[in-house]
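The entry is shown first.

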Amino acid sequence: QVQLVESGGGLVRPGGSLTLSCAASGNIFKIYGMGWYRQAPGNERELVAGVGSDDTTKYDGSVTGRFTISRDNAKNTVTLQMNSLRPEDTAVYYCNVDALVGVLRRDYWGQGTQVTVSS
């Protein structure tokens, strides 16, 4: 099994910054992709940013240039630096990890952390 612990959500004013972190632990043989998704009320969960095992990154167009995703393979962590936050960034943010445990490869999800952007 894999446990994901997220931290860093909260309330911030428009234009402000937050950093989300996610640490993976457990009997992990290998981690492939890592990413952050978000879900606002009434909306489907959507990919915000992802980083592959080769450090290639991808971003939703709405966050390009404002958010930066990075990973630390030695610590099994993924971080999302969010700058120039907007009210429309308000959502629950979920960490996602594609990991191999034993012979089983599957997605794992964090419990979610609330990000609220409001004046």
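Tyr 37 is partly exposed, with 22% relative accessible area (partly exposed lies between buried, under 20%, and exposed, over 50%, with a 1.4 Å probe and protein chains only). The model is predicted: local features need pLDDT of at least 70, side-chain atom pairs count only at pLDDT 80 or more, and totals for chains, interfaces and linings use all residues. Residues are numbered from 1 along each chain as its sequence is written, and side-chain values use heavy atoms, with hydrogens and water left out.

**Aromatic pair**

- The structure holds 1 aromatic pair (rings of Phe, Tyr and Trp, the last by its six-membered ring, with centres within 6.5 Å; planes under 30 degrees apart are stacked, over 60 edge-to-face, the rest tilted).
- The pair is Tyr 37 with Trp 109, and it is edge-to-face because the planes stand at 65 degrees, with the ring centres 4.9 Å apart.
- Tyr 37 belongs to strand E4 (residues 30–39) and Trp 109 to strand E10 (residues 104–109), so the pair ties together parts 72 residues apart in sequence (strands are DSSP E runs of at least two residues, numbered from the N terminus).
- Trp 109 is partly exposed as well, at 38% relative accessible area.

**Charges over Tyr 32**

- Lys 30 lies over the face of Tyr 32, 5.3 Å from the ring centre (the criterion is NZ of Lys or CZ of Arg within 6 Å of the ring centre and within 35 degrees of the ring normal).
- Arg 105 also lies over the face of Tyr 32, at 3.6 Å from the ring centre.

**Arg 71**

- Arg 71, in strand E7, is buried and has no salt bridge (a side-chain nitrogen of Lys or Arg within 4 Å of a carboxyl oxygen of Asp or Glu).
- The nearest side chain of opposite charge is Asp 55, 4.7 Å away (Lys and Arg count as positive, Asp and Glu as negative; His and the chain ends are not counted).
- A polar atom of the Arg 71 side chain lies 2.6 Å from the backbone oxygen of Tyr 32, and one lies 3.3 Å from the backbone oxygen of Val 51.
- Not counting residues up to four places away in sequence, Arg 71 touches residues including Met 34, Ser 53 and Thr 77 (contact means heavy atoms within 4.5 Å).

**Positive phi**

- Most residues other than glycine have a negative phi.
- Asp 55 has a phi near 70 degrees, sits in the loop between strands E5 (46–51) and E6 (57–59), and is partly exposed at 49%.
- Asn 76 has a phi of about 55 degrees, sits in the loop between strands E7 (67–72) and E8 (77–82), and is partly exposed at 23%.

Key
Helices (H or I, at least four residues) and strands (E, at least two) are DSSP runs, numbered from the N terminus. A polar contact is a pair of N or O atoms within 3.5 Å; within protein, one must be able to donate a hydrogen and the other to accept it, and residues adjacent in sequence count only if both atoms are side-chain atoms.
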